[in-house]
Amino acid sequence: MHILVVGGGGREHTIIKKLKENIEVEKIYALPGNGGIAADAECVPVKATDIDGIVAFAREKRVDFAVVAPDDPLVLGCVDRLEDELGIPCFGPRKNAAIIEGSKVFSKWLMHKYGIPTAASETFDDPDKAIAYLEKQDYPAVIKADGLALGKGVVIAQTFEEAKLAVKEMMCDKVFGESGSRVLVEEFMTGPEVSVLAFMDGKTVVPMVSAMDHKRARDNDEGLNTGGMGTIAPNPYYTEEVAKECMEKIFLPTMHAMNAEGRTFKGCLFFGLMITPKGPRVIEYNCRFGDPETQVVLPLLKSDLFTIMQAVSQQKLADVKVKFRDGAACCVVLASDGYPKKYASGFEMTLPELGCDEHLFVAGAKLEGGKLLTAGGRVIGAVATADTLEGAIKHAYEVAEKVKFENKYCRKDIGARALAAK
C-alpha cells in the first residue's frame with residue numbers, strides 16, 4: 001500500500017510512525033512533511049492547502065489511501081477532491097462535515113438544535129451590536145472568531161474593555177482575516193478541561209484515551225496561549241462515570257445530529273470538553289486529530305491504526321477492535337525560546353538514540369546539508385509511556401533532556417496538575 005499523509009507537524013509524524021507498523025504499508029508520502037518526518041516518509045514540497053497540487057501528486061503516484069490530517073485542507077474539501085476525482089479512499093471528513101470545526105457558529109447552532117450540552121451563546125456579524133451586547137454581560141466572557149484562526153481565535157475577556165478590544169481586532173481590524181467576520185459571545189464556564197479524540201464513521205463512535213493539554217507558554221499556566229506545550233494521557237478528571245455521560249449526551253448525539261443534517265462525519269472528531277459543576281459541556285469540536293494530543297494517544301494504541309482508518313473510510317468501524325494499552329503517556333514539547341512570539345531558528349539539533357517506550361515526534365525542523373535544523377516555534381515532542389502517569393512524566397523529561405539545540409525551551413510542569421488531581 002502506498003499512503004499519502006497531508007500535513008507536516010508533530011501530529012503527522014506521530015500518525016506516520018503508527019501507520020508504518022502495518023506490514024502492508026510499503027510507502028508513505030508526506031505533503032509537505034518536515035525534516036524530521038523525512039526519516040520515516042518521503043517528503044514532498046506541496047503545501048497542505050494546495051489542494052490542486054495534492055490531487056495532481058496523488059494522481060501521478062497512484063496512491064492507494066490518503067490521510068488528511070490538518071484542519072485547513074479538510075475545510076477546503078481535500079477529501080472530496082481525492083475521493084470524487086481519483087476514487088482514493090480517505091481518512092478524514094468531507095468538506096460539508098469539516099464545517100463542524102470550520103465554523104464555530106455552525107457547531108454552536110448544531111449543539112443548540114440537538115440539545116448537546118454547551119455554553120450559552122449569541123452570534124454577531126455587526127461589531128456595534130456585539131459591543132452593545134457585551135456592555136451588559138457579566139465577566140469573564142468568551143469571544144470566538146467564527147472560522148479557523150490557527151487555534152488563536154478565542155479570547156477570554158476579564159473586562160468589558162478587553163471584550164470590546166477583542167471584537168474590534170476580530171471584526172474590524174481582521175486580525176484573523178475573514179474568520180473574524182462573525183463572532184460568538186459565550187458564557188464563561190468553569191471546571192477542568194478534557195480532550196477526547198474519537199474515531200467516527202457515521203454509524204459508530206469509538207473514543208480514544210482521554211488527554212489533558214497545556215496551552216500556556218510558561219509554567220503554572222502563565223504566559224501566552226500556544227498550540228500546546230505538552231500533554232498527558234489519560235486525563236484523571238475523565239472518570240468512567242463522566243465517560244458514560246459523554247457517550248450518551250455528547251458523542252452519540254453529535255454523530256446523529258451530523259447524520260440528520262446530511263453531513264455524515266467520517267474520520268477523527270476531537271471533543272474539547274469542560275467538566276463543569278453541572279456536568280460535561282462541549283467547548284469546541286475539531287474535525288481532526290489534536291496536536292499535541294495525538295502524540296500521547298497514539299503511542300497507547302495497541303490496535304493497528306491503518307486497519308482502523310480503512311474501516312472508518314468504509315463505515316465498518318464496528319467490525320474492528322480498538323484497544324489501548326494500560327498505563328499512561330506524557331509529551332513534553334520542546335520549543336524555540338520566545339515562542340509563540342518572536343524566536344530564532346536554524347539551529348542544529350542532536351537527537352538521542354531511543355529506548356523502549358520512548359518517542360520523538362518532530363514538529364518544526366528542516367534538513368540542510370544532511371543536518372537537522374530547527375525551523376519552527378514548536379520543534380519536537382519528547383514522549384514516553386509507562387505503567388503510571390508519574391513514570392511517564394519522569395521518563396518524558398529524561399528524553400527531553402537528551403535532545404540538544406540552541407535556545408531550547410520547555411515547560412517544567414507538564415502533568416503536574418494531573419498528578420495533583422489523582
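Residues are numbered from 1 along each chain as its sequence is written. Because the model is predicted, local features need pLDDT of at least 70 and side-chain atom pairs count only at pLDDT 80 or more, while totals for chains, interfaces and linings use all residues; side-chain values use heavy atoms, without hydrogens or water.

**Stop 1: helix α11**

Select residues 305-313, helix α11. Helices here are DSSP runs of H or I with at least four residues; strands are runs of E with at least two, and both are numbered from the N terminus. Seven of the nine residues of α11 are buried (under 20% relative accessible area, 1.4 Å probe, protein chains only). Colour L305, F306, I308, M309, A311, V312 and S313: these are the buried ones. Now show what they pack against: β1 (2-7), α1 (10-19), β4 (65-68), β5 (90-91), β10 (193-200) and β16 (267-276). Contact means heavy atoms within 4.5 Å.

Go to the N-terminal end. D304 caps α11 there, with a side-chain oxygen 3.4 Å from the backbone nitrogen of F306. After the helix, pick Q315: its phi is positive, near 55°.

**Stop 2: the open sheet**

Select the five strands in the order β3-β2-β1-β4-β5; their pairing is parallel. Two strands pair if DSSP finds at least two bridges between them. β3 (42-43) and β5 are the edge strands, each pairing on one side only.

Zoom in on β2 (residues 27-32) and β3, a parallel pair with two bridges. A30 has C43 in β3 as its bridge partner.

Terms used:
Buried means under 20% relative accessible area, exposed over 50%, partly exposed in between (1.4 Å probe, protein chains only). A polar contact is a pair of N or O atoms within 3.5 Å; within protein, one must be able to donate a hydrogen and the other to accept it, and residues adjacent in sequence count only if both atoms are side-chain atoms.
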